[in-house]
Amino acid sequence: MPDNLEKFTCLKRDIAKINIDPLQRGGILTPAAREALLEWGDGYSICDFCAGMLDRITNPPVEEFVHAVLPEFLGTDEVRVTHGARESKFAAMHALCEKGDWVVMDGNAHYTTVLAAERAGLKIEYVPSSKEPDYAITAEGYVQAIERAYEHKGNVSMAVLTYPDGNYGNLADAGAISGACHDYGVPLLLNGAYSVGRMPVNARELGADIIVASGHKSMAASGPVGLLGASEEYAKTIFRLSPTKKNKEVELLGCTVRGAPLLTLMASFPAVVERIRHWPEEVEKARAFSAEMEKLGMKQLGDRPHNHDLMFFLAENLFEISQKAKKGRYFLYRDLKERGISGIKPGLTRQFKLSTFGLSKEEMDEVIRAFDEIINSYENQ
Ligand SMILES: *Cc1c(COP(=O)(O)O)cnc(C)c1O
């Protein structure tokens, strides 16, 4: 054992004033959630109050949250708390699909959807996107992908739509896509990692049979924590009880989130419900930001006008600067950091994504001003 273990005890976090990383904007804790994190930080802290089923704990009010509030919130019959969107997707696939089955998913799908399918032993047929600059996904694409999977003599047991996807922030027509899948008797799983907790999403209204969410991505929770919702028809199978261990759901390995992450999710929930009511303002902010970035010579790809705070930009002008700048392609990261802004991956210049979710008008102006200053400082050299 090395003798300098002390360094593990003083773990400070050095963060910029403004963080535009899409991963992090929706996961910032509310003051109430930050308190809950401290209060419930000990391991297994919730288990003092459990009589065998974590989701049936009445004080703190987990049962009401999981069995009454969340089903209404997601528009689905049953909900369970999981460790994240990926764990939710894997549980649904593992429970509902047979090894060797096909799962159809959009070409913009998150890598964790692919890994969940691989871990469940499924084959993947993609719905290709329309490519640059829109990267659009259509219901007709799902029809064709399902047909192709049938041509492989396969059984198609699930379709997945990423809503929105994590690259372009595109919101496909989920209602049309669920309709197309249902025509073939294929259930649709809606991946709401970037939507549930930010914008109104109702599984029933969109025709989704299964819905997954990410607490640390979009619900102001510390995580790892996520949601898995399903209509009665599929919930029976996904949330089946163990034949031998009383009151334990097999697919969830009995209990999932056993303390602080769940309590942060609950503590921030009222604020999350409130912020969803302000979603139209978030969309307006994103569109205004996109317009300002384009005035500076960058181009926003994906849905136009855009319908989500996650945006992808092409920046040939920044790429050109990187060819000449000191530190090369790391100049953008460095120059933004000097101006108190983080969240664009070090080394990226030609294309990058960012989010305006929850930023104030002043903060958005500051980000635009920073890009403007940086571009000007090199153009005049
Ligand atoms: C972030 C993200 C995930 C992963 O979410 P976890 O809760 O961390 O598993 C899945 N899908 C999409 C589209 C994402 O953006």
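Predicted model: local features only at pLDDT ≥ 70, side-chain atom pairs only at ≥ 80, totals over all residues.
Now to the largest pocket. It holds about 710 Å³ of space, and 38 residues line it. If you want to find its centre on the structure, look for Leu 23, Gln 24, Arg 25, Gly 27 and His 216, which lie nearest to that point. Several elements give two or more residues to this lining: strand E1 (18-19) and the helices H1 (22-25), H2 (31-39), H4 (85-96), H5 (111-119) and H9 (215-218). Which of them gives the largest share? That is H4, with 4 residues.

On to the second largest pocket, which has a volume of about 420 Å³. Its lining has 21 residues, and those nearest the centre are His 110, Gly 166, Asn 167, Lys 345 and Lys 353. Here the elements that give two or more residues are H1 and strand E12 (351-355). E12 gives the most, with 3 residues. By type, the lining of this second pocket has 10 nonpolar, 7 polar and 4 charged residues.

One last thing: where does the second largest pocket lie? Domain 1 (31-275) and domain 2 (279-379) both give residues to its lining, so this pocket lies between them.

Technical notes
Residues numbered from 1 in each chain as written. Heavy atoms only, no water. 1 Å grid on protein atoms, 1.4 Å probe; cavity = no way out; pocket = protein on both sides within 12 Å on 5 of 7 lines; lining within 4 Å. Points joined across faces, edges and corners; volume = space filled by probe spheres on them. Nonpolar A, V, L, I, M, F, W, Y, C, P; charged D, E, K, R; others polar. Domains from an automatic or database assignment.
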